[in-house]
Amino acid sequence: MTSNLSLYPVGIEEDIIIRINDVNPHIICSLCFGYFIDATSIVECLHTFCKKCIVKHLQVSKHCPTCNIKVHETQPLLNLRADRTLQDIVYKLVPGLFENEEERREEFYKSRGMLIKKKREGEENLGPKLTTVFTNPNAHQYKYDEQICLCLEKHSGQHVELPTMTYKLRSLEKKFVRCSIRVLVAHLLAIIRKKLDVPHQVNLQLLCCGTVLDVEMSMKQIYLMQWYDKPSPMLLFYKIEVPG
Ligand SMILES: [Zn+2]
Ligand SMILES: [Zn+2]
C-alpha cells in the first residue's frame with residue numbers, strides 16, 4: 001500500500017499524482033530524519049535541513065553535514081537562508097505534519113519526563129511554529145531516542161557456492177528486535193553478520209517491501225518511505241547479495 005496525494009498546480013486541470021515515497025528523500029532532514037521543519041538551506045551548497053537542526057550542528061562544526069563544504073570562515077549562520085517554498089511544499093505534501101510532528105514530539109518528551117515549553121495564550125493562530133524545545137542536555141544520546149520494533153526475516157532459499165563449501169544462510173534465533181530509529185542498515189547488517197557467523201566472502205543485503213536498502217539509510221527513513229501505513233513490527237528481510 002502506498003499513500004497517494006493529489007496536487008492541483010495552478011493552470012493544470014488534471015490531478016498530478018505524486019507518490020509520497022518518491023518525494024520523501026527530498027523533504028526529510030538528514031540530521032533528525034523527520035520532515036523539514038523551518039526548512040533552511042546553506043547558501044554555498046544549497047543543502048537543506050530543519051532550521052533547528054542545522055543551527056545546532058553549526059555550533060560544533062563549520063561544515064555542511066551533507067557535503068562537508070565550509071559554510072563560512074567565521075560566522076556560518078550568516079550563510080543560512082530560510083527556504084519558504086520548500087517548507088510550503090512539505091506542508092502541502094504531508095497534511096497535518098506540523099500538528100502531528102509537534103504532538104508526537106511533545107508526547108515523546110513527556111513520556112521521558114523532559115520539560116516542554118508550553119504554547120502561550122494567543123499563540124495558536126500564528127500558523128506553523130515549533131514550540132517544543134530540547135531542555136535535556138542528554139537528549140542527543142541514543143537511549144533517549146524513539147524506538148522502532150523490527151522483525152528480521154531470512155529471505156527464502158539463501159545459499160551460495162564458495163570455493164571450499166556451500167554456504168547456507170541461517171535464520172536468526174531472535175528475529176524480533178527493538179532499536180533506535182537512528183540505527184542504520186549498516187549497523188543491522190553488521191549485527192546479523194556477527195550473530196550468524198557469515199563468512200567474509202559473503203555480502204549481505206537488507207530489503208523492505210522488496211526494495212534493497214542503502215546501507216546509509218536509518219530505520220526512520222525506511223519507516224517513512226516504506227512502512228508509513230503498515231502495522232508494527234516493520235518487516236525487514238536479509239539476503240545474500242548476488243554479485244553482478
Ligand atoms: Zn532536522
Ligand atoms: Zn552541503
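## Zinc site of ligand 1

C32 counts as partly exposed, at 25% relative accessibility (buried means under 20% relative accessible area, exposed over 50%, and partly exposed in between, with a 1.4 Å probe and protein chains only). This is a predicted model, in which local features need pLDDT of at least 70 and side-chain atom pairs count only at pLDDT 80 or more, while totals for chains, interfaces and linings use all residues. Residues are numbered from 1 along each chain as its sequence is written, chains are lettered from A and ligands numbered from 1 in the order in which they are written, and side-chain values use heavy atoms, with hydrogens and water left out.

C32 is one of the residues that coordinate the zinc ion (ligand 1): the donors are C29 (SG), C32 (SG), C50 (SG) and C53 (SG), at 2.3 to 2.4 Å. Donors are N, O and S atoms within 2.8 Å of the metal (3.2 Å for Na, K and Ca); water is not among the atoms, so sites may look incomplete. Along the sequence, the donor residues of the zinc ion (ligand 1) have the spacing C-x2-C-x17-C-x2-C. C32 lies in the loop between α1 (20–27) and β3 (39–42), and C50 in strand β4 (residues 48–50), so this pair ties together parts that are 18 residues apart in sequence. Helices (H or I, at least four residues) and strands (E, at least two) are DSSP runs, numbered from the N terminus. C50 is buried, with a relative accessible area of 3%.

The angles among the 4 donor atoms of the zinc ion (ligand 1) are 101 to 117 degrees, and the site is tetrahedral. Four donors count as tetrahedral if all angles lie between 85 and 135 degrees; four count as square planar and six as octahedral if opposite donors are over 155 degrees apart and all others between 65 and 115; anything else is irregular.

C45 in the loop between β3 and β4 and C64 in the loop between α2 (51–58) and β5 (80–82) are 19 residues apart, and the pair links distant parts of the chain.

C64 is buried, with a relative accessible area of 2%.

## The five-stranded sheet

An open sheet of 5 strands runs in the order β9-β6-β12-β10-β11, with mixed pairing. The edges are β9 (176–180) and β11 (211–212); each has a single partner strand, so one side of each is left without a neighbour in the sheet. Two strands pair if DSSP finds at least two bridges between them.

Strand β6 (residues 147–154) and β9 run antiparallel and are joined by 5 bridges. Q147 has S180 in β9 as its bridge partner. β6 also pairs with β12, in the parallel sense and over 5 bridges, and L152 stands opposite L236 in β12. Between β10 and β12 the pairing is antiparallel, over 4 bridges, with L204 opposite I240 in β12. β12 is mostly covered, as 5 of its 7 residues are buried.

Contact means heavy atoms within 4.5 Å. Axes are lines fitted to C-alpha atoms, for helices over the stretch in contact, and angles run from 0 to 180 degrees between N-to-C directions.

Helix α6 (residues 219–227) lies across β6, β9, β10, β11 and β12, and runs at about 105 degrees to β12. Of the 9 residues of α6, 8 are buried, so this helix is largely enclosed by the rest of the structure. Among them are M219, K220 and W227.

## Salt bridges

The whole structure holds 2 salt bridges (a side-chain nitrogen of Lys or Arg within 4 Å of a carboxyl oxygen of Asp or Glu). One joins the side chains of K175 and E153, at 3.0 Å from N to O. K175 lies in the loop between β8 (166–168) and β9, and E153 in strand β6, so the pair ties together parts that are 22 residues apart in sequence. K175 is partly exposed, with a relative accessible area of 27%, and E153 is also partly exposed, at 24%.

In the other, the side chains of K70 and E73 meet at 3.2 Å, N to O. K70 is partly exposed, with a relative accessible area of 37%, whereas E73 is exposed, at 55%.
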